[in-house]
Amino acid sequence: MQTVSVRTTQNVFIQYPVASLGDRMAAGLIDTVIVVAYIVLVAYGMSLVEIDSAALGISVLVIPSILYHLLFEIFMDGQSPGKRQMKIKVVRTDGTPATIGNYLLRWLLRLVEVQAAQGMIAVITIAWNGRGQRLGDIAAGTTVVKLVKQKDVTAAEIFTLATDDYVPQFPGVIMLSDRDAELIQQALEVYRRHDNLQPAMIVTEKIKTRLGIQTDMTFEAFLTTILKDYSQLTAGK
């Protein structure tokens, strides 16, 4: 399954699976129902008050319908109501949050590949691409990921506990939380699986600063030691 590393607010990357074509089509269907319902309700309201203005009709019916996806993705952090319902989200392929420029570019191409071509171009491109990208995503450097609910875990569930005779080197790790330990583990996994140093280096500096530690250890040895110390000192908590 294709995945994308998404950067968290702690500057650690978490793997999310690329949204399936089915999820995206279901989200699109939900959004279409919302747009149609909006048009019907507003048009009915205008007829009740006998408003017969082409300019007003364009302003309150056509323009909002066309801008629907762009505005929602900008103001709902990469999601439309349909995407939120299906728990999928637009992100950049490098894992960083999408920008207004990214949303604008993918929206402009959406007018062609989704609306003008009735979605066929988008479906074919997503199925062929392998990274969950339609043409707008390829141009904007974005994709759509599935926001799988992250399971809360304890240190004992994700780390190998130190041996009984292990002597912790950094007692200050007791100040850390299970969430801190999980982020350290994730940073190490990103480095080991993808050869991406940045998350591990950021976490290393934050841990050293927070605990007041000075050491000549490599970042990998340091973070591994921190995890062993933490599991030893928190065992049985």
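# Helices, a patch and a salt bridge

User: Which residues in H2 and H4 meet?
Analyst: This is a predicted model, so keep that in mind. On the H2 side, the residues are Ile 66, Leu 67, His 69, Leu 70, Glu 73 and Ile 74. Their partners in H4 are Ile 100, Tyr 103, Leu 104, Arg 106, Trp 107, Arg 110 and Leu 111.

User: At what angle do helix H2 and helix H4 pack, and is H2 roughly parallel or antiparallel to H4?
Analyst: Two packed helices are described by the angle between their axes and the distance between those axes. Helix H2 covers residues 54-75 and helix H4 covers residues 100-116; their axes are 10 Å apart and the angle is about 160 degrees. An angle over 145 counts as roughly antiparallel, so H2 relative to H4 is roughly antiparallel.

User: Is the crossing of H2 and H4 left-handed or right-handed?
Analyst: Handedness is worth looking at next to another pair. The crossing of H9 and H10 is left-handed. For H2 and H4, the crossing is right-handed.

User: How are H9 and H10 set to each other, oblique or roughly parallel?
Analyst: The axes of helix H9 (residues 198-211) and helix H10 (residues 219-233) come within 10 Å and cross at roughly 55 degrees. In H9, Ile 207 and Leu 211 are among the residues that meet H10, where Phe 222 and Ile 226 are included. With that angle, H9 and H10 are therefore oblique.

User: What is the angle at which helix H8 and H10 pack?
Analyst: Helix H8 takes in residues 178-194, and its axis and that of H10 are 10 Å apart. H8 passes H10 in a left-handed crossing. The contact includes Leu 188 and Tyr 191 of H8, and Leu 227 and Tyr 230 of H10. The packing angle is about 145 degrees.

User: Which residue forms a salt bridge with Asp 23?
Analyst: Side chains of opposite charge can pair when their charged atoms come close. A search of the whole structure finds 10 salt bridges. In this one, the closest N and O atoms are 3.4 Å apart, and the pair links helix H1 to strand E4, 123 residues apart in the chain. The partner of Asp 23 is Lys 146.

User: What is the area of the nonpolar surface patch that includes Tyr 44?
Analyst: Tyr 44 is found in helix H1, residues 21-48. Leu 48, Val 49, Ile 51 and Leu 56 make the patch together with Tyr 44. Its area is about 480 Å².

Note on methods. Residues numbered from 1 in each chain as written. Predicted model: local features only at pLDDT ≥ 70, side-chain atom pairs only at ≥ 80, totals over all residues. Heavy atoms only, no water. Patch = residues over 30% accessible without salt bridge, like charges linked within 9 Å, V, L, I, M, F, W, Y side chains within 5 Å. Areas by Shrake-Rupley, 256 points an atom, 1.4 Å probe, with all protein chains shown as cover. Salt bridge = Lys/Arg side-chain N within 4 Å of Asp/Glu carboxyl O. Helix = DSSP H or I, 4+ residues; strand = E, 2+ residues; numbered from the N terminus. Axes fitted to C-alpha atoms, helices over the stretch in contact; angles between N-to-C directions. Parallel < 35°, antiparallel > 145°, perpendicular 65-115°, else oblique. Left-handed = near helix turned anticlockwise from the far one by under 90°. Contact = heavy atoms within 4.5 Å.
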